[in-house]
Amino acid sequence: MLPVIAMLAGLLAACSSSESTYKTTGHVFGTTVAVTIYGGSQQRADLLSAQVLAEFDRLHHKYHAWEPSMLTGLNDAIARGEPFVADAEMVSLLKSATQLSVRSGELFNPTIGHLIRLWGFQSSAIEAQQPDAEEIRRWVDAHPSLTNLRYKGNTISSVNRAVMIDLGGYAKGYALDRAAAILREGHVKAALINIGGNVLAIGRPGDHAWQVGIRDPRSSGTLTSVALNDNEAIGTSGDYERYFMKDGKRRPHIIDPRTGYPIDLVASVTIIASGGSAPGLRSDGNSKPLFITGAAGWEAMAGQLGLKEVLLVDNQRQVYLTPAMRERIEASHK
């Protein structure tokens, strides 16, 4: 996920008490990351933040979609029709992604890496592209799917050589959950983890909840802000960071696997995942199917995925909200 959410009042909440807040920033996953820890000492915060950033770096290199990584090793083996020996972590992550893919009717489909590459989004420098329509149709008709994968222990194979996995819309959510595990093991009082706008909260900084702002997709400002409580994560899919303009149309990095073309009807989708296990993963992957269905189908898809708190902005800046998201926003401003 891309930078879409700005922290607003977290530090102000912390300033109202005697505890200090320590913020460490870095750059990984192609975006800015930040770890904000409330309470304790500077030395302890620095140590824990360093552990989190090291974990981010490990995951970045393990799941990179086009630079040499375990993921590209898997994709290369699939293209050759050969099995690949992965590890338990990768197998678990791919199996969880498969569950979401099936629930979404495969609108969440990380196996369309050939289409993502064709449109030029597997690159740090995005340039305008116009892929050949027949080439697009070729990869759509190949019907790659996570259900094509087969597992024997930690060995992965695929019955479809067209599968090319790109976890850009899922791995950051996993990284949030891994960071939360590290910080909880370190017994932090409260923390806020931000990976390019995907944010997960731990505890409360003093007497108030953490506050984050939801970015306006057509300006540098915010649409609104919301309170995040312990074990809650917020994530947004947007069309304004990784995109190019071609023939007057905005072409964002989110591609409809049914057509092979980028979605140009939605500006952003924000969801909140509360409680339970892996809120980071849920806040990341679940936004993609809603982005693809757009204003006409997002409510049905939200129901299908069990999402209660959703905010969608279409390409005309029309804002749509679930009742639960409206209630949270109103409560955050009381």
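Me: What should I know about the numbering and the confidence limits?
Reply: Residues are numbered from 1 along each chain as its sequence is written, and side-chain values use heavy atoms, with hydrogens and water left out. As this is a predicted model, local features need pLDDT of at least 70 and side-chain atom pairs count only at pLDDT 80 or more, while totals for chains, interfaces and linings use all residues.

Me: What is the strand order in the open sheet of eight strands?
Reply: The order is β2-β3-β7-β8-β11-β14-β15-β16, with antiparallel pairing. Strands are DSSP runs of E with at least two residues, helices are runs of H or I with at least four, and both are numbered from the N terminus. Two strands pair if DSSP finds at least two bridges between them.

Me: Which strands stand at the edges?
Reply: β2 (21-28) and β16 (319-321) do; each has a single partner strand, so one side of each is left without a neighbour in the sheet.

Me: Which residue is the bridge partner of V33 in β7?
Reply: I195 is the partner of V33. Strands β3 (residues 31-38) and β7 (residues 190-195) pair in the antiparallel sense over six bridges.

Me: What does helix α9 touch on the sheet?
Reply: Helix α9 (residues 287-305) packs on β11 (232-238), β14 (266-274), β15 (309-314) and β16. Its direction makes about 85 degrees with that of β14. Axes are lines fitted to C-alpha atoms, for helices over the stretch in contact, and angles run from 0 to 180 degrees between N-to-C directions; contact means heavy atoms within 4.5 Å.

Me: Now the hairpin: which strands form it?
Reply: β5 and β6 form it, with two residues between them, and G153 in the turn has a positive phi of about 65 degrees. Strand β5 (residues 149-152) pairs with β6 in the antiparallel sense over four bridges.

Me: How many residues are in the largest nonpolar core?
Reply: That core has 64 residues, and F56, I165, L183 and L290 have the most contacts inside it. Its largest share, eight residues, comes from helix α7 (residues 171-185). A nonpolar core is a set of buried Ala, Val, Leu, Ile, Met, Phe, Trp, Tyr and Cys residues joined through side-chain atoms within 4.5 Å.

Me: What is L290 in contact with?
Reply: Leaving aside its neighbours within four places in sequence, L290 has contacts that include V269, I271, W298 and M301.

How values were computed
Buried < 20%, exposed > 50% of the residue type's maximum accessible area, 1.4 Å probe, protein only.
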